[in-house]
Amino acid sequence: MAGQSGGKPAQMTMAQAINAGLRRALEDDPKTLVMGEDVGKLGGVFRVTDGLQKDFGEDRVVDTPLAESGILGTAIGLALAGYRPVAEIQFDGFVYPAYDQIVSQLAKMHARALGHVKVPVVVRIPYGGGIGAVEHHSESPEAYFAHTAGLRVVSPSNPVDAYWMIQQSIRSDDPVVFFEPKRRYWAKAEVDTAATPDPLHSARVVRSGRDCTLVAYGPMVQTCLDAAAAAAADDGRDLEVIDLRSLSPVDFAAVEDSVRRTGRLVVVHEAPTFLGMGSEIAARVTERCFYHLQAPVLRVGGYHSPYPPSRIEEEYLPDLDRVLDAVDRSLAW
C-alpha cells in the first residue's frame, strides 16, 4: 500500500477514516464485501459505513438479518468461495452468538485444511465503554480472541491507523478481528492517504520517556498520553507511551526495548485486569526483562465485574488518576 496516491491529507474522524479505508478496499478489489446489521441503507449505527451501499450496490454492501452466527457463517462460506468479506458485529456484546463460528470454524479452518485453505474474513467490532450505552453495548472482549490461535487481533487508537489498518486487515489472507474503540470514533486527525503505513502488527512509541513505560491500545492510548502530559506538568516525570496496536501477535520486542530503558512498566486497558491482555504482557516482560525491572509490572483496567449501568461507568473505566496512581506506586519502589 505504500506510495498509493490518494490526494491531499484530509481531516477525518476515526469513523470517517474507517469508512474511507473500506471504500478504498471496495474500489481496489471487486471481491471485497461489507456485511452486517444496518450497514447498508442506514450506514451503520455509528455511520461508519455511510454511503457505501449507495456507491457499491446492495450485492457488495449487504444488510443482513439480526443473526450474528449467521453473519459469520455466511462470511466464512464467502471467503472459501474466493471473496474477502468484512463482517460487522454491531456492538461488542453482540459477538457472543457468533463466538462458536469464530473460534471453532474461522480460526481453525486454515490449520484444519493443512494450509490449503485461506479464510480472509475481517470481523469488525466496535468495543469499549464511555458512550453512556445500555447493557451489552460497552464490553471489551478482546482477550477471548487474542487467546484463540488462528486469529489476528488488532485495534487502532486514532484515525490514521484506522484508515490503514482496516485496509491491511482486509488484504490479509488470515482472519482478522478488528476492534474499533467506539468512544474514539469522533476523535479527529489529519490522514495522509498517500503515506507509507507501519506494518499491521507493529507497536509504536507515541511519546518517548525515560522514567516509566505505559503500554495501552485502542481507547486507552489517549488516556495514557493525557496522563503522561499531566505527569510532566506536575513534577517532571517523563513517561513513555506505547500504542500496542496489535493484540495478536503482540510486538513484544518494542515493549521489551522500552522497559530495558525505563525499568518500569504499567499496562492499561479497559477490559478487566483479571486474565486480561495486561496479564500476558506482564508475565512475558517479567520473564524476559527481569534484571532490568526496578519495580513489579503493574496493571490498570476494569474491575472483575459485569459492566455497570452508564450512570456510574466513569467509576469503572480507567482514567488519568488511576494511571498516575499506578505510576506513583511503580516509582515508589
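Helix H3 (residues 68-80) packs against helix H4 (residues 99-106) at an angle of about 30°, and the two axes are 8 Å apart. Helices (H or I, at least four residues) and strands (E, at least two) are DSSP runs, numbered from the N terminus; axes are lines fitted to C-alpha atoms, for helices over the stretch in contact, with angles from 0 to 180 degrees between N-to-C directions. H3 and H4 are therefore roughly parallel to each other, a term for angles under 35 degrees, as against over 145 for roughly antiparallel, 65 to 115 for roughly perpendicular and oblique for the rest. On the H3 side the contact (heavy atoms within 4.5 Å) is made by Ser69, Leu72, Gly73 and Ile76, and on the H4 side by Gln101, Ile102, Gln105 and Leu106. Four of the contact residues are nonpolar, four are polar and none is charged; here Ala, Val, Leu, Ile, Met, Phe, Trp, Tyr, Cys and Pro count as nonpolar, Asp, Glu, Lys and Arg as charged, and the others, Gly among them, as polar.

The model is predicted: local features need pLDDT of at least 70 and side-chain atom pairs count only at pLDDT 80 or more, whereas totals for chains, interfaces and linings use all residues. Residues are numbered from 1 along each chain as its sequence is written, and side-chain values use heavy atoms, with hydrogens and water left out.

The UniProt annotation "domain: Transketolase-like pyrimidine-binding", from an unreviewed entry, covers residues 12-187; such annotations may be inferred rather than shown by experiment. Over residues 12-187 the chain is 36% helix and 17% strand, with the end C-alpha atoms 8 Å apart.

Grid points are joined across faces, edges and corners, and a volume is the space filled by probe spheres set on the points. The largest pocket holds about 820 Å³ of space. Its lining comprises 29 residues, and Ala143, Tyr144, Leu275, Gly276 and Met277 are the closest to its centre. At least two lining residues come from each of helix H6 (142-146), strand S12 (246-248), strand S13 (265-272) and helix H10 (277-288), and H10 gives the most, with four residues. By class, the lining of the largest pocket has 17 nonpolar, eight polar and four charged residues.

The second largest pocket has a volume of about 210 Å³. Of its 13 lining residues, Ser157, Asn158, Val221, Gln222 and Leu225 lie nearest its centre. Helix H8 (220-235), strand S8 (188-191) and strand S9 (204-207) each supply at least two residues of this lining, the largest share, three residues, coming from H8.

One cavity of 30 Å³ or more is found in the whole structure. The lining of the largest cavity consists of Gly44, Val45, Phe46, Val48, Glu88, Gln90, Arg124, Pro126 and Tyr185.

Two backbone features were also identified. Ser248 and Pro249 are joined by a cis peptide bond, with omega about 0°; Pro249 lies in the loop between S12 and helix H9 (252-262). Asp38, in the loop between strand S2 (32-36) and helix H2 (52-56), is a residue other than glycine with a positive phi, near 65°.

Conventions
1 Å grid on protein atoms, 1.4 Å probe; cavity = no way out; pocket = protein on both sides within 12 Å on 5 of 7 lines; lining within 4 Å.
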